[in-house]
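Thanks for coming, everyone. I'll take you through one structure today, so please have a look at it before I start.

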Amino acid sequence: MIGVAILGATGSIGRNTLDVLERHPDIYRVVSLAARSDARRLAELCLRHRPEVAAMEQPDAAAELERRLREAGSAVRVTSGPGSIEALARDGAADVVMAAISGAAGLRSTLAAAASGKRLLLANKESVVMAGDLLLAAVRAGNATLIPIDSEHNAIFQCLPTGARIGERPAGVRRLLLTASGGPFLEWTAAAMAAATPEQACAHPRWSMGRKISVDSATLMNKGLELIEATVLFGMEPRDVTVVVHPQSVVHSLVEFVDGSTLAQLSAPDMRTPIAHGLAWPGRVSAGVEFLDLAKVGALEFRAPDRARFPCLALAEAAARAGGAACAWLNAADEVAVQAFLDKQLNFEDIPRVIEGVMHDAPGGSLSDLDEVFAADGAARLRARAELGVCRDRVRSSLA
Ligand code: NAD
Ligand code: MG
């Protein structure tokens, strides 16, 4: 039996992972689950999937989880506090670690899984963006197997020649093409987008995801983060990664080779496909997804992104060119701006403005250790909060 730890178990990726695992009880065993604060939901998942350990980031939530489990007669061990989630990532019982915590909060546990030589199913793209070099170094030092779960990067991974290694530019590849659905505002005017609400931004037409990544999809920053992720995971220069809008979300990305061939991976827009691929690679297991009916899909459309309405894309490209420190700043600025927007403290159109303001001060070059990464992250968050103050007056007047 293959032991699986799921970090971010209560989220969209976490629950999709559990759905795939539940279809193969003869192959996989859930050994641990971790989440931030939703004790009710984590208790339900523990009762259903019976891990050995469950960790909650917030101590109050851990106490509530423990109470709920004991009342239900469950003996699942509950942990909390600093290092508890990383301990699950390192635990010898886990052969596979699904890194599905959202945001910078997932960095330490993702690195711990890599350094411990796990099969690392990497959904937490923010850790690649803020600390790409450190993550690759940890994968190498730990002799871990990193499989990208972000659907675009998983698609690219599936199209690469056998023997391609994570972090190294694959032989014969000319360009990577990252597809973007375009998000909920693909056909909106700039004026309509300016006043978009969090509910509208989170109503993605093709994918059901957590709120942070949903807003990133609406600004196209998600594609910008993914561009950085692609340069790290596949050893590509930013100029060799092209974003193409594909509203049907059936082609999940493409690899162009020097001989003029282009390979693509197609599937229904359902994260259970990349998750099942990562679990079973190099084999395959069923994922419970709908199979493609191409006649029903009909036309597949591709177009260039509208850079004027989606300035986040250029901000991310500039960070990718500037190096690791700038990418960490971009990630932090985006997390602060998106959270402020979700809290109704920032207008949608001001998300890129806040990030752009922060990026004026972003340093170039690379970050050599975790202390430097967290220092860059902290400095950028501080700078972003100052920038928020400038934009807040606009929110007040727009709400008046
Ligand atoms: P989500 O918001 O639905 O879930 C996030 C999970 O992380 C929850 O279980 C939450 O409890 C946990 N978490 C958050 N902060 C934490 C903390 N400080 N400590 C411990 N746990 C914490 O998000 P999601 O949509 O599942 O996305 C998860 C990650 O996967 C993100 O990095 C996202 O970019 C990436 N991703 C998601 C999708 C998707 O379709 N949802 C696709 C590609 C990549
Ligand atoms: Mg993606």
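**Around the ligand**

Start at Gly 8: one of its polar backbone atoms is 3.3 Å from an oxygen atom of ligand 1. Keep in mind that this is a predicted model. A backbone N or O atom of Ser 12 lies 2.9 Å from an oxygen atom of ligand 1. Then there is Ser 102, where a polar backbone atom is 3.4 Å from a ligand 1 oxygen. How much of ligand 1 does the protein bury? Taken alone, ligand 1 exposes 830 Å², and the protein buries 89% of that.

Now the shell. There are 23 residues around ligand 1. Those that come nearest are Thr 10, Ile 13, Arg 36, Glu 126 and Gly 210. By class, the shell has 11 nonpolar, seven polar and five charged residues. Two helices to look for are α1, residues 12-22, and α6, residues 125-142. Each of them supplies at least two residues of that shell.

**Two enclosed helices**

Next, turn to helix α7, residues 151-159. Eight of its nine residues are buried, so α7 is largely enclosed by the rest of the structure. The buried ones are Ser 151, Glu 152, His 153, Asn 154, Ala 155, Ile 156, Phe 157 and Cys 159.

What covers the buried residues of α7? The cover includes strands β7 (145-148), β8 (173-180), β10 (251-257) and β11 (262-266). It also includes helices α11 (221-234) and α12 (272-280).

Let me pick one residue from α7. Cys 159 sits in this helix. Its relative accessible area is 8%, so Cys 159 is buried, the cut-off being under 20%. Leaving out residues up to four places away in sequence, Cys 159 touches Val 255, Phe 257, Leu 263, Ala 264 and Gln 265. For scale, take Ala 123, which is 36 residues from Cys 159 along the chain. Their C-alpha atoms are separated by 18 Å.

Is α12 itself buried or exposed? Nine of its nine residues are buried, so α12 too is largely enclosed by the rest of the structure. They are Arg 272, Thr 273, Pro 274, Ile 275, Ala 276, His 277, Gly 278, Leu 279 and Ala 280.

Pro 282 is in the loop between α12 and α13 (294-297). The peptide bond from Trp 281 to Pro 282 is cis, with omega near 5°.

**The nonpolar core**

A general point first. In soluble globular proteins, nonpolar side chains tend to be buried together. Here the largest nonpolar core has 136 residues. Which of them touch the most other members? Leu 42, Leu 330 and Ile 355 do. Helix α15, residues 324-342, gives the largest share of this core, with 14 residues.

Setting aside residues up to four places away in sequence, Ile 355 touches Met 221, Cys 312, Leu 315, Leu 330, Ala 333, Asp 334 and Ala 337.

Another residue to look at is Ile 85, in helix α4, residues 84-90. Ile 85 is buried, at 12% relative accessible area. Beyond its neighbours within four places in sequence, Ile 85 is in contact with Leu 7, Ala 34, Ala 35, Ala 55, Glu 57, Ile 101 and Ser 109. Compare Leu 315: it is 230 residues from Ile 85 in sequence, and 32 Å away, C-alpha to C-alpha.

**Out at the surface**

Arg 50 lies in the loop between α2 (39-49) and β3 (53-56). Arg 50 is exposed, at 68% relative accessible area. Its phi is near 45°, a positive value in a residue other than glycine.

Asn 143 is in the loop between α6 and β7. Asn 143 is not a glycine, yet it has a positive phi of about 55°. Asn 143 is exposed as well, with a relative accessible area of 65%.

Methods. Residues are numbered from 1 along each chain as its sequence is written. Chains are lettered from A and ligands numbered from 1 in the order in which they are written. This is a predicted model: local features need pLDDT of at least 70, side-chain atom pairs count only at pLDDT 80 or more; totals for chains, interfaces and linings use all residues. Side-chain values use heavy atoms; hydrogens and water are left out. Helices (H or I, at least four residues) and strands (E, at least two) are DSSP runs, numbered from the N terminus. Buried means under 20% relative accessible area, exposed over 50%, partly exposed in between (1.4 Å probe, protein chains only). Contact means heavy atoms within 4.5 Å. A nonpolar core is a set of buried Ala, Val, Leu, Ile, Met, Phe, Trp, Tyr and Cys residues joined through side-chain atoms within 4.5 Å. A residue is near a molecule or strand if one of its heavy atoms lies within 4 Å of it. A polar contact is a pair of N or O atoms within 3.5 Å; within protein, one must be able to donate a hydrogen and the other to accept it, and residues adjacent in sequence count only if both atoms are side-chain atoms. Accessible areas come from the Shrake-Rupley method with a 1.4 Å probe; for residues, only the protein chains shown count as cover. Ala, Val, Leu, Ile, Met, Phe, Trp, Tyr, Cys and Pro count as nonpolar, Asp, Glu, Lys and Arg as charged, and the others, Gly among them, as polar.
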